[in-house]
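Please view the sequence and the structure below before reading on.

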Amino acid sequence: MRISETMRYRLFQTCINKLGQQLTDMEKKISTQRNINCPSDSPLIFARSVEYDAELSMGTQYSDNLQRLKTLVSMYDSSLTGLDGQLATLGEMAAGFDTADSSIRQAYVAELESIIEHLVTVGNTKLGNTYIFGGQQAETAPFRLNNDYSVTYMVSADGEDATNIYVDSSQLGQYGVSGRDAFYSTTKIAFGDVSNTYAGDIYSNTESFAYVLDATNRTMYVDGGAVNLTAGVYTGTTLAQEIQTQLGANYSVAFDSSTRKFVITNNTTGSVTFNWSDAGATAAGVLGFDAVDSVVASGETDMSDLDTGRKAFLVKIATGGATTGAVASRATYTYSTDGGATWSAAIAVSTGGADLTADIVIDGTNNTLYRDGVAITLTNGTYTGHQLAAEISTQLGAGYSATYSAETRKYTITNNTGSVVTFNWSNAASTAAGVLGFDNVDSVVSNGDADVGDYDAGMFIDGAGVANTTNNRIKLAFGTTDTPLAANDTFQVKDLSIFEMLKNFKDAFDAGDATWISKNIDCIDTARASVLKNNAIVAFQGTQAEMLIENNATKKARIEEEQSDLVGADTAQLGTEFTVLLNTYQTLLAAFSKMQAISILNYLN
């Protein structure tokens with residue numbers, strides 16, 4: 001085969017061009033310090049390198065989120081510490097109010113107004129354009145100070161949770177605290193209005209709020225099938241256990257006591273749909289779910305949309321009168337569970353059995369308790385606390401004694417039978433548990449020991465003798481001192497609100513009402529305990545952020561090392577190769593230049 005001069009020329013030119021491209025590629029490798037810079041270098045390695053770059057980019061975002069969280073933690077810590085300090089000041093003023101003269105009392109009012117103003121400012125603290133206590137509605141101020149020094153919380157119920165922050169590819173969490181967390185407590189308190197005529201005591205089992213299921217609210221739907229929960233009285237934890245039992249082993253259910261929300265985790269192998277929109281899903285409300293279906297993938301969760309324990313009771317005296325004596329002659333009250341929009345029929349006030357006149361009603365709805373699995377039936381009738389204790393002793397028989405304390409409003413049942421006995425308060429048929437003040441938990445009582453009531457005995461706030469979906473196991477009783485109730489006196493059982501508490505103390509200071517102050521001073525300690533809990537949460541989050549930042553830094557270093565091992569270049573070796581290649585390239589260019597200068601005649605000679 002004859003090779004023409006033209007072909008020889010083109011081959012030589014192609015060789016030089018390839019060598020030039022190699023030089024360009026090598027220069028890029030030296031400048032980037034990477035052997036792989038484009039897919040053509042190595043498609044598989046380049047693809048893996050892109051994955052590394054994506055991981056590093058996400059890691060940078062997570063680190064930025066964590067740095068922001070650190071800043072927020074510092075701001076939350078400062079805000080909560082200041083809040084606790086202001087509450088401590090209020091406690092000092094309240095403790096000294098009774099002995100303070102009029103000028104000091106007026107100074108207290110001015111100081112408390114200043115505290116409220118300052119705390120509203122704290123509640124509306126911003127980081128950049130974000131209100132740190134705004135929860136899911138962080139673009140607007142969460143608190144508004146009104147002219148009468150009341151404070152309105154401006155965040156809707158479905159926006160109250162703290163901000164969600166991604167701190168890792170698989171970890172999305174609520175970090176910081178919302179305004180609801182910081183200035184409200186999940187602890188319920190009972191208190192009367194400062195303007196009330198009544199100056200006596202009130203009693204409520206505020207720590208006994210329960211979830212009550214019956215035929216009207218016990219059904220949920222999963223993938224179109226009904227799941228019926230067992231009717232009964234539950235705490236948040238025991239209701240979570242009941243939900244899990246009915247859903248089966250492929251689900252796990254938890255109750256978050258800080259938010260009072262239920263969390264259902266799908267551990268099946270596929271997606272499931274919780275049909276909260278189904279008209280038959282009557283449990284949606286009590287479990288805090290909106291009427292919107294939730295499609296939950298395997299390993300994912302469905303959490304309540306709303307706080308399930310927010311319910312409050314507003315009580316207003318309908319007809320004034322005594323708290324004691326014949327029930328028919330006592331003062332009456334009505335109650336509302338919707339903020340006063342609707343009211344119940346009038347109910348005679350109760351002392352929880354403490355009065356000498358009977359006011360505890362035992363009837364067919366609440367006359368049974370169980371001992372060692374056997375029903376004990378109390379005689380129907382209306383009793384004082386002491387009379388009912390005698391009836392309990394009679395029905396239990398020899399070896400038992402029951403007593404009632406008018407001071408604590410609790411029953412004590414002592415076992416002197418010589419053996420261990422079990423009071424089956426968890427038995428659904430043990431209908432007397434609520435009126436006697438016992439939780440729905442069995443009590444195992446040894447010989448010589450006693451079973452003491454868990455909360456106040458007596459009728460519930462709606463006048464019923466058993467816990468139900470209306471009263472949620474809450475009671476309200478009045479003292480037995482000769483202090484009459486007046487029409488329109490108002491009382492509340494609700495979650496503690498720090499701003500509402502401050503407003504009430506301001507009004508009491510202004511009115512010189514030392515009695516109201518002394519009866520409600522414990523609320524300050526309850527508020528401080530809530531702040532202390534939030535401070536502990538924030539401190540933990542700060543520690544967690546530090547740990548995650550360190551973990552992210554370690555992860556970044558590992559990824560960079562792996563990426564370097566995968567695509568990194570030995571720059572010293574590349575420098576040597578580049579020099580050799582450059583010399584070769586320059587030699588070829590010189591030879592090519594001479595080739596171009598040779599004419600056909602010079603070639604023939």
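The chain exposes about 28600 Å², of which carbon and sulfur atoms supply 51%; accessible areas come from the Shrake-Rupley method with a 1.4 Å probe, and for residues only the protein chains shown count as cover. The model is predicted, so local features need pLDDT of at least 70 and side-chain atom pairs count only at pLDDT 80 or more, while totals for chains, interfaces and linings use all residues. Residues are numbered from 1 along each chain as its sequence is written, and side-chain values use heavy atoms, with hydrogens and water left out.

Of the 605 residues in the chain, 44% are buried (under 20% relative accessible area, 1.4 Å probe, protein chains only). The secondary structure consists of 13 helices and 31 strands; these are DSSP runs numbered from the N terminus, with at least four residues (H or I) for a helix and at least two (E) for a strand. Among contacts (heavy atoms within 4.5 Å) between residues at least 6 apart in sequence, 62% join residues at least 24 apart.

## A five-stranded sheet

An open sheet is formed by five strands in the order S7-S31-S18-S19-S20, with antiparallel pairing; two strands pair if DSSP finds at least two bridges between them. Strands S7 (184-192) and S20 (347-348) stand at the edges with a single partner strand each, so one side of each has no neighbour in the sheet.

Six bridges link S7 to strand S31 (residues 490-497) in the antiparallel sense, and Gly192 stands opposite Phe491 in S31. Helix H9 (residues 498-511) packs on the sheet and touches both S7 and S31.

Strand S10 (residues 219-222) includes Tyr221. Both faces of S10 are covered, as Thr219 and Tyr221 on one side and Met220 and Val222 on the other are all buried. In a regular strand, side chains alternate between the two faces of the sheet.

S10 runs antiparallel to strand S11 (residues 225-228), joined by four bridges, and Tyr221 stands opposite Ala226. Two residues lie between these strands in the hairpin, where Asp223 takes a positive phi near 50°. The C-alpha atoms of Tyr221 and Asp278 are separated by 7.3 Å, although the two are 57 residues apart along the chain.

## Helix H7

The twelve residues of helix H7 (residues 385-396) should span 16 Å at 1.5 Å a residue, and its end C-alpha atoms are 17 Å apart, which agrees; the expected span is 1.5 Å times one less than the number of residues. Among the buried residues of H7 are Leu388, Ile392 and Leu396. Just after H7, Gly397 takes a positive phi of about 95°.

Note on methods: Axes fitted to C-alpha atoms, helices over the stretch in contact; angles between N-to-C directions. Buried < 20%, exposed > 50% of the residue type's maximum accessible area, 1.4 Å probe, protein only.
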